[in-house]
Amino acid sequence: MTDDFLQRMQALAHAALDRWDLGVAALAPIKVRENAVFRIDLHGGGRAVLRVHRPGYHSDSELDSEFAWLDALESAGVQVPRVIRSRGGRNFEIVTGSDVSGPRQIDVFEWIEGRQLGSIEAGLSGSSDSVADQYHQIGVLAARMHNHAQGWRPPPAFRRHSWDAGGLVGEQPFWGRFWDLGALSHAQRDLLLRVRGFIARDLAGYGMHADRYGLIHADLVPENLLIDGNRACVIDFDDAGFGWHLFELATSLYFITGDSLYSAARDALIRGYRSERALGDAALERLPLFLAVRGTTYLGWVHTRQDTDTASEMTPFLIDRACAVAEQYLASR
């Protein structure tokens, strides 16, 4: 993130706030990556959150669908962000800025008190018991969302992307053709192409029945859970779509697979999930498959963003991790 990008996003956020009836005292960045997320300090001491979406990731109907699922989850008792509608009664507004290419979708949410359960950058910290408690909670929430999604009937206009076989290892994966990443060695590319073929076959064999595939959060990592006492709130549904439940669990575990506390976290995640939803041992044997496919998505992500500092910094680590889990997946077969 450059200072120039931050300034342009902040100027766009200020312009957008004219469309909300909020007494804004100050605006400060929380997380500026592809989406730009800002804290709004309100006159009188309150707070809110504003999100400037990356261009082209979601259509307006797909973003409307995100809000539809959030509303349904909240009605079912899952703690999620609550949108603050604009003066026009809309969940989000389309705003254009003179220094920003193209229009951007912008939305505002109520502030949620709490601390992040963790972060990708910081990795795992604390004792084995505290890490286990964290991942047990993630497992519980994942199962509750999967239970809800399986029994929920989305509105007819509901549209979200799919983390299906085509979206993961097809000719045009949702996050990019990972095997075309220029930083791969010949051996690494050969490994990933071989794994791609096995993944396609194994996903087809696993099937897409409702007990294993449906609407998922798809980014249920510790930084996307806010904890306030006994209350846990799930945030950042930007990647939510249709996918395998084990892909959800693999996402939660992926960035800690090399950590000494990985086994404790994995076992706790599974226990938490099974406390709310069935997950048989036969299904769980496919976790290496979904860790491998999750690794390929991150390579596709950096491949399509090679001109960014984040991609440049993360590419060596992501290649090493993806190849490691790919080898483990092949060994598990």
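1. Cys323 is buried, at a relative accessible area of 12%; buried means under 20% relative accessible area, exposed over 50%, and partly exposed in between, with a 1.4 Å probe and protein chains only. Cys233 also counts as buried, its relative accessibility being 1%. The structure holds zero disulfides, a disulfide being a pair of cysteine sulfur atoms within 2.5 Å.

2. This is a predicted model, in which local features need pLDDT of at least 70 and side-chain atom pairs count only at pLDDT 80 or more, while totals for chains, interfaces and linings use all residues. Residues are numbered from 1 along each chain as its sequence is written, and side-chain values use heavy atoms, with hydrogens and water left out.

3. Asp41 lies in strand S2, residues 36-42 (helices are DSSP runs of H or I with at least four residues, strands runs of E with at least two, numbered from the N terminus). Asp41 is buried, with a relative accessible area of 18%. Setting aside neighbours within four places in sequence, Asp41 has contacts (heavy atoms within 4.5 Å) with Gly23, Val24, Ala25, Ala26, Gly46 and Arg47.

4. Helix H2 spans residues 60-75, 16 residues in total. From its first C-alpha to its last it reaches 23 Å, close to the expected 22 Å, where the expected span is 1.5 Å times one less than the number of residues. Just after H2, Gly77 takes a positive phi of about 95°.

5. Buried residues of H2 include Phe67, Trp69, Leu70 and Leu73, along with Glu62 and Glu66. Their cover includes strands S3 (47-52), S4 (92-95), S5 (104-110) and S8 (213-216), and helix H3 (128-151).
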